[in-house]
Amino acid sequence: FDKAIEIYKYILVRYGDDKIAVEYANAYLGDLFLTLQKIELAENYIQKAISIKPENPGYRYILGFVYSYKRQWDKAIPEFEIAVKKEPNSGEYLRGLGWAIYESGDAAKGLVYLEKASRLAPANSNILTDLAVAYLSSVNIDEANEYAERAVRLDPTNPVAQDVFAKVLSFSKGFGQPAKS
């Protein structure tokens, strides 16, 4: 990551007069800093990319994710909505929107978006994991188990999916309800 950051920062200096180079370097820096959980830096760089190309749904998705990290659902939702409007069949963009809506307090509407995301991208373990968490928090253990198990089966190396699946199993044992596995 450090080398990539160094290269993109160099591009910003060396090619600062090339609008496209600046746009992409800022976008990639925003995404890298989001991955590294350096949220303020991520927001700063992705905002610069958006100022150059505001209609790019990927940039709006990243900014929505930045706001989600900050639990600023009132800011995250509109960013995800812009991304979904541009690419309505993107399971990942719908996942972001669904999760933000769910976390903002509208569980039913959030689940609708997450379920739609799952239908569009049935092999996306992140969508399945989000659905498992949502159903577990509403104490729907059977649904939570189904989605968690599918997520782990699709991506056995995904630590978040593994953790969620373990929590579903633990929760179901705590309630004396055997999880289906």
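This is a predicted model: local features need pLDDT of at least 70, side-chain atom pairs count only at pLDDT 80 or more; totals for chains, interfaces and linings use all residues.
Residues are numbered from 1 along each chain as its sequence is written. Local features need pLDDT of at least 70, and side-chain atom pairs count only at pLDDT 80 or more, while totals for chains, interfaces and linings use all residues.

**View 1. The largest pocket.** Its volume is about 590 Å³. Of the 23 lining residues, Phe65, Tyr69, Arg95, Asn126 and Asp130 are the closest to the centre. A pocket is an open set of points on a 1 Å grid, where a 1.4 Å probe fits, with protein on both sides within 12 Å along at least five of seven lines; lining residues have an atom within 4 Å of a point. The lining divides into twelve nonpolar, five polar and six charged residues.

**View 2. H4 against H6.** The two axes come within 10 Å and cross at roughly 30 degrees. That makes H4 roughly parallel to H6 (angle under 35 degrees). The crossing is left-handed. Pro57, Gly58, Tyr61, Phe65 and Ser68 of H4 make the contact (heavy atoms within 4.5 Å) with Glu92, Tyr93, Arg95 and Ala100 of H6. By class, this contact has five nonpolar, two polar and two charged residues.

**View 3. H6 against H7.** The axes of H6 and H7 (residues 107-120) come within 7 Å and cross at roughly 165 degrees. H6 and H7 are therefore roughly antiparallel (over 145 degrees). Their crossing is left-handed. Among the H6 residues that meet H7 are Leu94, Leu97 and Trp99. By class, the contact has eleven nonpolar, three polar and three charged residues.

Technical notes:
Side-chain values use heavy atoms; hydrogens and water are left out. Grid points are joined across faces, edges and corners, and a volume is the space filled by probe spheres set on the points. Ala, Val, Leu, Ile, Met, Phe, Trp, Tyr, Cys and Pro count as nonpolar, Asp, Glu, Lys and Arg as charged, and the others, Gly among them, as polar. Axes are lines fitted to C-alpha atoms, for helices over the stretch in contact, and angles run from 0 to 180 degrees between N-to-C directions. Helices (H or I, at least four residues) and strands (E, at least two) are DSSP runs, numbered from the N terminus. Angles under 35 degrees count as roughly parallel, over 145 as roughly antiparallel, 65 to 115 as roughly perpendicular and the rest as oblique. A crossing is left-handed if the near helix is turned anticlockwise from the far one by less than a right angle, and right-handed if clockwise.
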